[in-house]
Amino acid sequence: MSSFQNRPAIVWFRDDLRMADHPALHEAAASGRPVICLYILDDVTPALHPLGAAARWWLHGALADLRRNLEKQGGTLLTLSGSAEKLLPQLAKQTDAASVHWHHRLHERERVQDDRIRRTLEEQGCEVHAHWGTVLVDPDTVQTKQGGFYKVCGSFWKALQTHAVPEPLEAPSSLSFHAVPASVLSDARLNEDSLCPQAPDWAAGFRKTWEPGEAEGQEHLEDFLKDSVAGYPRGRDRVAEEGTSRLSPYLASGAVSPRQVWAALQKHGAHTEGPRIFLSELGWREFARYTLYHLPKLPFENLSPKFSGMQWRKSASDLKAWQRGQTGVPIVDAGMRQLWQTGWMHNRARMIVGSFLTKHLLIDWKEGEAWFRDTLVDADFANNAMNWQWVAGTGIEAAPFFRIFNPTRQAEKFDPEGDYIRQWVPELRRLSGKALFEPWAAGDEDLRKAGVVLGSTYPRPIVDLKDGRDRALQAFRAL
C-alpha cells in the first residue's frame, strides 16, 4: 500500500461541473494528494428521476468543457456509467484512494444514498469529505424563531440574507493528478456520445442557441450585468426581448455557482431595482432547493393537502397538443415550440403555458413537470417542481388556483407587437392585432389574406378559454 500522502483523492462531480468555486475540488487540491476527477451517470440506481433528454445533451457539452479545463492542468475527467453505490467504492479500492470529496445533495433520497456510499467507503479505510457547494448556505442554518423551516419565500429570503454567504473560491491554480489505468472499470466507462440524439437529431436548435461550459456561463453573467440587468424589471416579462440572464442551464449543471452570481451582484450593486429584483429570483431558486431539502415530496405530491382530491382530467390528445405547440392558442403554442426547438422557454411564457395546462385543460401539473424535465436544458428537480406547484396553486407558496392567466391578455401585455408569436408560430406571421392573438375570432377575410385556414394550416383551439376557465373553477370549488 502506498503512503497516505501519495494515495489519490477522488473528487466526485455531480451537478457542479466547474473548477472555480468548487469547495470539494479546492479541499482535494489543498490536501496535496494527486486527484482523480470523476463523474458517474447513474441510470441504474438514481436517487430521483434519470436525467431528461435535453439535460443529457447539455451534460455532453458540460463534461467535455470540464475535461478540457482539467487537461490544461495536465489532468482529465473520468466518466463512468452505472450504479454509483457500486462504482465509486470500486474505484476507491482499485486506486487505493485516501479520500473522496463531494458536495451535499438536497433530496432525502439523495442524502440517504450518499450516506450508504459514505459508510462503504469508510469501511474500506477511505475518508469522505462533503461540502455545501450548490447552494448559498447550508439549508439547516436558515430557521424560523421556533427552529423550523420557512414556508414563505419572502421570510426565508430575508432570513437568509442575515447569514454570511461564503465568498466564491478561485479555481485551483495547480493540481496534481492520479492517472487511472484504462483497465480500471473498463466495462463501466461512459460512452459520452450516447448522451446526444442520433436519429433523428432533434438538437440542431440547441446547438444554435447554447454553448455549455464554465467560461460561457461566466460570460453570460458578465454580459447580463453589463447590458441587461438595469432593464430586468421590464425585460424579464417581455417574451420577445433578450431581457433575461439565460443563466439557468449554467446554474442547473453547476457551470456557474449561486455564490458566484451572488458575489457578482453585490459587486455590481444589488440595491438598485434591476439587480435587487434579479437577486430575488436567485432567492426563489434557493428557496426551491431549501424546500426540496425539507419537503422531499415536492417533486411527487401536492404540497397543499387540499388538492389531494382534485379531479384532474386525463386527456392524452390534449396533453399531446400542448406538448407539440398545437393547442390553437398562439401564445401557448409559441412557448411550447420555443421549448422544443431550443430546450428553453422564457419565464413569462412558462407561467402562461403552465397555467393553460393546469387550469384551462385541467391536466395534473405532474404531466407538465415531467415534460419540462425531459425537454429543458435547465431542468432542475427543485426549481421545476416548485414552479409547477406554484403555477398550479398546489404548493406551500403558490399562486391561488383561481388565478387563471388569460392567454390573450398575457400576449397583449407581454408580446404587444406579436413578435414572439410570429417567430415561433410562423404560419400566423401575416396576422396582426387581435387576430394574431385570437385567430379563431378573426374575420374570414383577415384569415384569407394571411393565408390561415383554421383546422388546416393552424389548429382551432382545443378548448374554449371561457369554458376551460369555468371548468377549472368548478373543479376547485368541489374540493
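**Stop one: the sheet**

Start with the open sheet of 5 strands, which pair in parallel in the order S3-S2-S1-S4-S5. Strands here are DSSP E runs of at least two residues and helices are H or I runs of at least four, numbered from the N terminus; two strands pair if DSSP finds at least two bridges between them. Now pick S3 (77–81) and S5 (127–131): these stand at the edges with a single partner strand each, so one side of each has no neighbour in the sheet.

Before moving on, know that this is a predicted model, where local features need pLDDT of at least 70 and side-chain atom pairs pLDDT 80 or more, while totals for chains, interfaces and linings use all residues. Residues count from 1 along each chain as its sequence is written, and side-chain values use heavy atoms, leaving out hydrogens and water.

Next, select S2 (residues 35–41), which pairs with S3 in the parallel sense over 5 bridges. Show Tyr 39 too: its bridge partner in S3 is Thr 79.

**Stop two: a helix on the sheet**

Select H2 (residues 53–71), lying across S1, S2 and S3 and running at about 150° to S3. Angles run from 0 to 180 degrees between N-to-C directions, with axes fitted to C-alpha atoms, for helices over the stretch in contact.

**Stop three: two crossing helices**

Jump to H5 (residues 153–160) and H11 (residues 273–294), packed at about 100° with axes 10 Å apart. That makes H5 and H11 roughly perpendicular, a label for 65 to 115 degrees. Residues in contact (heavy atoms within 4.5 Å) include Trp 157 of H5 and Trp 284 of H11.

Note on methods
Angles under 35 degrees count as roughly parallel, over 145 as roughly antiparallel, 65 to 115 as roughly perpendicular and the rest as oblique.
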